[in-house]
Amino acid sequence: MACAAVLVPGLLRGAVGAICSQAALSKSTRCALRHLSLTSIMKSKRKTDHLERTANVLRQEVVTAAKVCGTVNESPSVKRLRLLVADQDFSFKAGQWIDFFIPGVSVVGGFSICSSPRLLEQERVIELAVKYTNHPPAVWIHNQCTHDSEVAVRVGGEFFFDPQPEDASRNLVLIAGGVGINPLLSILRHAADLHRERTNRGNGYEIGTIRLFYSAKNTSELLFKKNILDLVNEFPEKIACSLHVTKQTTPISAELKPYITGDLCIITIACMQRIYIPASAEPMPFAINEGRITEKEIREHISRETLFYICGPPPMTDFFSEQLENSHVPKEHICFEKWW
């Protein structure tokens with residue numbers, strides 16, 4: 001793979017998208033974001049690839065060389081990838097994704113960046129968390145990718161949080177399902193960086209409170225638990241997190257037991273019996289709950305100052321975006337992205 005930048009005709013330089021704040025965006029752009037479902041593609045019986053699904057989404061025009069500088073198993077089915085991007089002109093906004101080009105693999109991958117823009121500024125590194133599937137780019141990442149493997153990336157996406165210092169303070173509610181946590185973790189990390197900057201320097205954007213709701217089948221599939229807990233512990237007055245598990249079948253690890261709220265039920269496969277783990281029902285800034293995220297939980301955080309970011313399976317995304325609209329949340333305050 002050549003290291004020189006590649007210019008892609010017909011695409012606009014820079015990723016213009018949904019900042020979902022007071023920053024200058026036209027109403028039409030915000031509406032376009034909300035309808036990023038590509039309905040015509042969904043009607044097709046043939047499974048579409050990433051480039052087809054995102055054909056109408058704005059991208060940067062430059063494809064940039066990158067090199068794998070680290071990998072780690074984030075869960076039994078998800079591998080976290082660290083990419084070194086030396087090009088100083090390469091940048092992204094928290095929540096965006098990349099087109100992922102692999103030498104010798106004809107299919108282009110599409111993966112959300114889960115790291116913050118600050119990590120790129122400081123170390124020239126971005127991180128991805130890729131779930132194993134039979135999709136060729138995912139297969140390559142899990143089975144063939146090695147340290148120093150060379151790839152190429154291009155930033156795209158209209159789902160991001162990029163407030164300017166003069167923008168009004170906003171609360172954030174982040175709703176994630178499965179690997180939909182990736183862009184929301186990037187936003188969470190970026191919000192924490194903004195808060196650190198304002199605390200240390202006395203200026204910059206003033207972030208409001210941040211509440212993360214994150215659901216997965218079981219605790220082993222809840223990605224970035226330690227990273228999230230560290231942020232909650234660092235900024236307990238700003239950040240809170242509710243983790244939800246829907247099909248827990250194994251014992252909860254010791255380090256997570258203090259955060260179980262209510263009676264969490266574990267169904268043991270071997271003997272098909274239910275075991276309940278009692279715990280405190282008092283509200284906690286970091287808590288693990290049984291069952292799906294509920295409409296009631298989300299509705300409790302609706303306010304004029306709150307922005308909602310949603311990323312997960314399409315039914316989940318549709319449900320919460322519709323419920324928020326029915327609760328009279330302004331459409332420009334509801335941002336979502338779907339990955340099929």
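I looked up Arg292 and recorded it as exposed, because its relative accessibility is 64% (exposed is over 50% relative accessible area, buried under 20%, with a 1.4 Å probe and protein chains only). The model is predicted, with local features requiring pLDDT of at least 70 and side-chain atom pairs pLDDT 80 or more, while totals for chains, interfaces and linings use all residues. Residues are numbered from 1 along each chain as its sequence is written, and side-chain values use heavy atoms, without hydrogens and water.

I placed Arg292 in the loop between strand E13 (286-290) and helix H8 (295-299); helices (H or I, at least four residues) and strands (E, at least two) are DSSP runs numbered from the N terminus.

I next examined the largest nonpolar core, which has 43 residues (buried Ala, Val, Leu, Ile, Met, Phe, Trp, Tyr and Cys joined through side-chain atoms within 4.5 Å). Among the residues with the most contacts inside this core I noted Phe161, Leu172, Tyr214 and Tyr309. Elements that each supply at least two core residues include strand E8 (171-177), helix H6 (181-201) and E13. H6 gives the most, with 8 residues.

I then checked backbone angles. Arg124, not a glycine, has a positive phi of about 60 degrees. I found Arg124 in the loop between helix H4 (117-123) and strand E6 (125-131), and Arg124 is buried, with a relative accessible area of 13%.

His328 also has a positive phi, near 70 degrees, and is a residue other than glycine. I located His328 in the loop between helix H9 (314-326) and strand E15 (334-338).
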